[in-house]
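Visitor: Could you walk me through this structure, a piece at a time? I'll have a few questions as we go.

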Amino acid sequence: MTFMNVANYLQIIDRSWRSCNGQTVSMFVSIRHDHAKYRNYYIENPENMVEKFLPAPVDELVIYHLKCLYAISMDDFLSAYQFQTGLVQAFTKILQAQKEENWSLPIMNVVCSDLRFIAQQAEKQRVGVSEKPGEFLEKAADSLMGCFRICAGDTRTDNRDTKRKGMLALVVKLCLIVIIKRQIMKILLGYIPNRKVLEKYNVLEFWDLVQAVCQGNLKWFDEIMEKHESFFIACGIYLIVDKLKIIAYRNLFKKVYLILSTHQIPVESLQTALEFLGQDVDLDETQCIVANLINEGKIKGYISHQHRKVVVSKQNPFPPLTST
Amino acid sequence: MDSLHSFIKGECMEMCPKDEITLRVKEKLVHTLEVDPNFDNNNKSEMYSKRMVKSFSRSAAGKSMQDPKQLRPTAVLLKTVHYLLKDVIINDRVPWNVTCDFITDRLRSVRQDMVVQSLPVVDCINILQPIVNFYAYASYRSCNESISNFDPVLHRRQFQECIKRLLCLYDECDHKKNCNKAYEEIQKSRPYYEALYVLLNLGNTDALSRAIRLRSQFKTKKLKLAVSASLALFENNFVRVCKILKQFSGLLLAVVCLHLPEIRKQTLKVMSVAYNSKNLIFPFSILKKLFLYENLGDVISDCTYYGLTSSEDGVYFIKLNFKEDELTKQPTHLDFVNEHLKTIEVPKLILDMQFIQ
C-alpha cells in the first residue's frame, strides 16, 4: 500500500509553503501524520529528489524529515533523534528570519513535540554506559529553548502577527515538565539540583523550595507551596512537590537532634520545633510523622511511647537520603 | 447524517412498560415490593401497575433495546428515581438487603434507559445525582451484611461507575457556555459530589489530582476538607486523617468511615516498625482514641488479627510479628455515624439539597 507518491507530496508542500499555510505544512512534516506510515516515504538519501521540487529554505526541513522517517523505519531512534534535532535547528533559523509574521508556528509545535517524542524513544534505546540518563531529553529541551528565545524576543511585532503566541504551547509544556519532574525526583532521592540548571530553565521558584527542604524550614515550604500553588497544579506536579515535605521533616528533626546532642529525643522537642514553624500538630501527630520516617528508613531508631521519646541509633541515626 | 445525531425518544409514560407488566404478571415475576399490601384479589392488573418498575436486563442478541415503547423519557425516569428513593427505601415489609437489591436493580434499568436515549447532559446529571447518593448510603448501611446478602466489590464497582460518569458530565458542562437556571443548580451541587468522589477514593492520587485541578469556584469548605483528608492519607499522616474524618457530616461521613479498617491496618503496620520493641507496650486506650475505635475489645481484636501480641494494657509492636498478608477487615457500623445518620430521615439524606450543598 502506498500513500500519494512523493512527487505529489512535495508539490503540496511547495504550494502550502508559498501560500503561508503553516497548518498544512505542519501536517506533512509530522512523524505522526498518515504519510509517515507508508514505505514509499522511507528514503535514505532524499536530497536530489527534494531539491528538484522545493526551494530553499524549506527543502532542508523536508530532507531532515524524510531521513528521520527512514531512521524510524529502521527502528534506529538514535539517528532519528539526530535528524529531528537538525530539523528543529533548521526551522529555528527560518523562524528567526521571518520578521513580522507567525504563520509557521503550527510547524514549530509539531516538530518540537516530535522531537520530544523521539528523544524519549532514544532514551530507551541508549546503549553506552558512558552517557548520562536523561541526556537526550535535556538536549532536546535545549533545542526547544532555542525556539522559545525567538518567540519570547519577538516583542515589537503587532499582536496579531507576533510569535509570542507560540511560547505557551512550547515551553511550559515541553521543557518544564520534562526537566522539573526529573529535578524533583532527584530531590526525593536525596540529590540537590544545581542552581545553574534551575537558572538555565528559568525555574528559580524551585531553588527556594530546595532551600526550604534542605533547611527543614516547613514554614517557608508552606509559603512557597501556597504562593506557587497554581503553577505546581498547572504543571501536574503538586502531589510530587508535596512528597518533599517528608524530607523537610527529616532535616528539621536532624537539626533538633544535633542541637540537643542526645540519642533520646523528647517528642515534645520535635513538636515544639514543628509548632515554631507554623505546623498545627499535637504530640500524637508528631509521633505519627516520626513513625513514618522510621518506617521509611529515613531515621534509624524507635519510639518509646511510655517515655515519649524517640530513641535514635548511635550510629548514623539519619542515614543519607541517597542510601534509603 | 440524521441517524447519527437523532436518538430514540422514549414513549413509555409509566415506571414500567405495559409489555413487561403483562409478561411478569404471567410468569409470576413480580417482586414483593411491587405488590400492593392491601390488594384486592379481583382486580389483578390494577394492583400491580402502580408499583411495578422496569427491571434491568442486559442487551442480548435478538432483543431490541430501541423500542420507544419500552423506554421512559426524562420526566418518568426522575419520577421513578424519586419513587424508589422516597417510598420504597423506607418500607419495613422486607429486610434491608432485599430492598437494597430491588432498588439497585431498578436504578440500573433507569441508567440503561438514560444511556440508550442519550439524554441531554443536564437531564443525565439530575438523574445520576440521587443514584450516586443511594450508592453512598447503601455502601454504609450494608457494610455489616454477610457476603451472601451484599457483595461490597460489585456494589463499589457500580458506585464508581456512576460517580465517574457524573463527573464526566460535569466536565462536559464546563465546555458549554449555557447559563440557564438548570445549569446553575448543577453548579451548586457539584462540589458535594466532587468531595464524595475524593472521599470514596481517599488517598488516591488520581482522584486527588482531579480535585486539586478544579476551578476555585468549586472549592467549597466541604471539598477543601475532603482534599485535606485525602492529602493527609497520601502523606501517611493517619492521626490527622482520623481527626479530619470526624468533621464530615451526612453521607460524606458515612462513606469516608468505610476506609477506617484500611487506615487502621496501615497504621498498625507502620507502628510495628517504628515502635518495634520486645519490652515496651503501647496503650490500647490511645489507639482507641486516635483511630476512632468504639471499644477496647475492637482494638485488641484488630491487633490480634494482624498477629501482634498484647498484655493487659497494651500491645507489643514487633516488626516481624505483623501479618501484612491478612486481608483487611470488613468495615463495620460505628455508633457515632449511626447516631448522626439517625437524626436525618433517609429520603432527605439522599434527595434533599440542603444536605448536599
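Visitor: Where is the place of A:P57 in chain A?

Guide: Bearing in mind that this is a predicted model, A:P57 sits in the loop that runs between α3 (47–53) and α4 (58–73) of chain A.

Visitor: And what is the peptide bond from A:A56 to A:P57 like, cis or trans?

Guide: That bond is cis, with an omega near 0°. As background, most peptide bonds are trans.

Visitor: OK, on to backbone angles. What is phi at A:C20?

Guide: A:C20 has a phi near 55°, which is a positive value in a residue other than glycine. A:C20 belongs to the loop between α1 (6–18) and α2 (22–28) of chain A, and its relative accessible area of 36% makes A:C20 partly exposed.

Visitor: What about B:L292, buried or exposed?

Guide: B:L292 is buried, because its relative accessible area is 9% and the cut-off for buried is under 20%. B:L292 also has a positive phi, of about 55°, although it is not a glycine, and it is found in the loop between α14 (284–290) and α15 (296–305) of chain B.

Visitor: Let's zoom out. How many helices and strands are in chain A?

Guide: Chain A has 16 helices and three strands. Of its 324 residues, 50% count as buried, and the chain exposes about 15900 Å², of which carbon and sulfur atoms supply 52%. For contacts in chain A between residues at least 6 apart in sequence, 61% join residues at least 24 apart.

Visitor: Now chain B. What span should helix α10 have?

Guide: Helix α10 of chain B covers residues 221–234, and its 14 residues should span 20 Å at 1.5 Å a residue; the end C-alpha atoms are 20 Å apart, so the two values agree. Just after α10(B), B:N236 takes a positive phi of about 60°.

Visitor: Which residues of α10(B) are buried?

Guide: They are B:L223, B:A226, B:V227, B:A229, B:S230, B:L231, B:A232, B:L233 and B:F234.

Visitor: And what covers those buried residues of α10(B)?

Guide: The cover comes from both chains, and includes α13 (238–243) of chain A as well as α8 (181–200), α9 (205–213), α11 (238–245) and α13 (260–274) of chain B.

Visitor: Switching to pockets: how much space lies in the largest pocket, and which residues lie nearest its centre?

Guide: About 900 Å³ of space lies in the largest pocket. Its lining is made of 29 residues, of which A:E229, A:Y238, A:K245, B:S228 and B:L231 lie nearest the centre. The elements that give two or more residues to that lining are α11 (218–227), α12 (229–234), α13 and α14 (245–260) of chain A, together with α9, α10 and α11 of chain B.

Visitor: What classes of residue does that lining have?

Guide: The lining of the largest pocket has twelve nonpolar, three polar and 14 charged residues.

Visitor: And the second largest pocket, what lines it?

Guide: The second largest pocket holds about 520 Å³ of space and is lined by 22 residues, with B:P152, B:R156, B:L258, B:Q330 and B:P331 nearest its centre. In chain B, α7 (152–175) and α13 each supply at least two residues of this lining, and α7(B) gives the most, with five residues. By class, the lining of the second largest pocket has eleven nonpolar, seven polar and four charged residues.

Key:
Residues numbered from 1 in each chain as written. Chains lettered and ligands numbered in written order. Predicted model: local features only at pLDDT ≥ 70, side-chain atom pairs only at ≥ 80, totals over all residues. Heavy atoms only, no water. Helix = DSSP H or I, 4+ residues; strand = E, 2+ residues; numbered from the N terminus. Buried < 20%, exposed > 50% of the residue type's maximum accessible area, 1.4 Å probe, protein only. Contact = heavy atoms within 4.5 Å. Areas by Shrake-Rupley, 256 points an atom, 1.4 Å probe, with all protein chains shown as cover. Expected span 1.5 Å × (residues − 1). 1 Å grid on protein atoms, 1.4 Å probe; cavity = no way out; pocket = protein on both sides within 12 Å on 5 of 7 lines; lining within 4 Å. Points joined across faces, edges and corners; volume = space filled by probe spheres on them. Nonpolar A, V, L, I, M, F, W, Y, C, P; charged D, E, K, R; others polar.
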